[in-house]
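Subject: Handover of a structure and notes on it

Dear colleague,

Please find the structure below, followed by an account of what was found in it. I would be grateful if you read the notes with the structure open beside them.

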Amino acid sequence: MALKENDKRFWEQVKLLAEKNLKKATYDYFVTQAHLISVTGDKVKILVDSEMHKDWWRNQSDLINTAAMMVYGGPVDYNLFSSNELSDTEYKELNQISASSINTENGAITDSNVPYPFPSNLMPRYTFENFIVGKPNQLAIAAAQAVADTQTFGSTYNPLFIWGGSGLGKTHILHAIGNEYSKKNRHAHVLYVSAETFVNDYVNTFNRKKMDRDTFINKYRNLDLLLVDDIQFFNNQEGSINEFFSTFNALWDNGKQIVIVSDRPYSELTNLQERLISRFSQGLPIDVHTPDFETRLAILMDKATRLNLDFPDDTLAYIAGQVTSNVRELEGVLNQVEFTAKQQNVATVDISVAEKVIEARKVRNDGFKRTNLTINKVKDEVAKYYHLPLTDLTGPKRVKEIANARQVAMYLIRELLGTSLPAIGNEFGKRDHTTVMYAVRQVTDKMKNDSDIQRDVDNLRRKLE
Ligand code: ADP
Ligand code: MG
């Protein structure tokens, strides 16, 4: 049953009130993803993104009923659904709903003659601006930015294939490309999907007939930019892979941009056919590496500033030293430290607060560095590497070679163990914390230009991690 004018006004009102009263991030995350399915008497059905979104919407009765009072003159009784709970008619109906909402709300009639009535699924909170670029991800970002900046498609990077481990920002980059591209090309057709969603759409269209074939083709072939996440989860359900191959070719042949994200290089995607892999190999494969200490610290500092957190620098450095291989975990620790500090009314969030949080999380998570590393182990390895007696490393001698090794040792202790500057000073013949700070900066700076020191630090880090 199609929505009546009144119902559309009601939903408009819900969104207006939400936009006025909620934080932008909350609005973007929960409200833009939701759709009104139907209104029958005082029964309202709303489509939301996931179970988590349901929880949030359950608490929004004030919002919904204020809008209902304004439009219908009385409260409503609303129920929440996710897309797999919809009936066939509702599923088909929904595409028309998004069509009309796109056309009336922001006049986004596309440049091409065919209107594109599907939501892009882009998350506005993932942008290039809030992505920290460091050595490990700078190539990926450069390629991503180039793709987002291209005006005429058929870029040399087609498809752009981004791969890397979990929690390294791949999904973030994918959305950032879409957001940036949409901003520059207001009428472009952009779609973000996970491989899983593609398969679901395929099955719903061709096997369960919930979506008609034209709708499916319209959704996937009438695009300027297709962003596919987590291609490793593509399960070849009932021919969906053939459809993906055709979609890919149709877009590619027309010079439309495709970006694929995977958790492994394409040569290891055993779930896909050889002919698709060979298409991927025509584009640009780029991997995102685990962030180094500098990048991790920069990410933490940026997030802390955005969240208005007042953490001492050495607490942040400590977290950056402990959580080594997953940015999602890095964010998780930061949030939990903030929460714990608030709960316990801690005035200064020093390393000990972070230490407790990290210990507790380590039990159930990965992303942390191995625990058996100690300051003495770092000292030993560095001394051995530079063929120096340990006493020289920690002693007062200022000979260039020794001073250099000492600085590297201090740098590595700071990076790998996150030990505070004064504590490191103590370990090296009671040197002042400013000496340690200077050492860490020296090594950081030198690593930018001096390939010898770069190699030394890399070799040592590998021995120790
Ligand atoms: P992946 O898709 O690789 O598993 P995500 O893109 O979901 O990882 O990233 C996990 C979290 O870490 C997200 O909240 C993302 O915003 C954040 N993140 C990852 N890398 C960076 C970065 N370099 N700068 C800022 N935030 C980052
Ligand atoms: Mg992801």
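Which residues of helix α4 are buried? They are Leu63, Ile64, Asn65, Ala67, Ala68 and Val71, where buried means under 20% relative accessible area, exposed means over 50% and partly exposed lies in between (1.4 Å probe, protein chains only). Helices (H or I, at least four residues) and strands (E, at least two) are DSSP runs, numbered from the N terminus.

Some conventions come before the rest. This is a predicted model, in which local features need pLDDT of at least 70 and side-chain atom pairs count only at pLDDT 80 or more, while totals for chains, interfaces and linings use all residues. Residues are numbered from 1 along each chain as its sequence is written, chains are lettered from A and ligands numbered from 1 in the order in which they are written, and side-chain values use heavy atoms, with hydrogens and water left out.

Confidence

The protein chain has an average pLDDT (the predictor's confidence in each residue, from 0 to 100) of 86, and 90% of the residues score at least 70. Over residues 97–113, however, pLDDT stays under 50. The model has 26 contacts beyond four places in sequence for residues 97–113, a contact being heavy atoms within 4.5 Å. Where pLDDT is low, the predicted coordinates should not be read in detail.

Helix α4 and its neighbours

The buried residues of α4 pack against α1, β2 (43–47), α3 (51–58) and β3 (77–81). For α1 (residues 5–21) and α4 (residues 61–72), the axes come within 9 Å and cross at roughly 135 degrees. α1 is therefore oblique to α4. Axes are lines fitted to C-alpha atoms, for helices over the stretch in contact, and angles run from 0 to 180 degrees between N-to-C directions; under 35 degrees counts as roughly parallel, over 145 as roughly antiparallel, 65 to 115 as roughly perpendicular and the rest as oblique.

Among the residues making this contact are Phe10, Val14 and Leu17 of α1 and Ile64, Ala67 and Val71 of α4. By class, the contact of α1 with α4 has 11 nonpolar, three polar and two charged residues (Ala, Val, Leu, Ile, Met, Phe, Trp, Tyr, Cys and Pro count as nonpolar, Asp, Glu, Lys and Arg as charged, and the others, Gly among them, as polar). Just after α4, Gly73 takes a positive phi of about 80 degrees.

Helices α2 and α3

The axes of α2 (residues 24–31) and α3 come within 10 Å and cross at roughly 120 degrees, so these two helices are oblique to each other. Thr26, Tyr29, Phe30 and Val31 of α2 meet Met52, His53, Trp56 and Trp57 of α3. Six of the residues in this contact are nonpolar, two are polar and none is charged.

Helix α13

In α13 (residues 313–322), eight of the 10 residues are buried. The buried residues include Leu316, Tyr318 and Ile319, and those of α13 pack against α12 (293–306), α14 (327–343), α15 (351–362) and α18 (400–417).

Backbone features

Most residues other than glycine have a negative phi, and most peptide bonds are trans. Asn158 and Pro159 are joined by a cis peptide bond, with omega about 0 degrees; Pro159 lies in the loop between α6 (138–149) and β4 (160–163). Asn121 has a positive phi, near 65 degrees, and counts as partly exposed because its relative accessibility is 28%. Asp230 has a positive phi of about 50 degrees and lies in the loop between β6 (225–229) and α10 (240–253).

Yours sincerely
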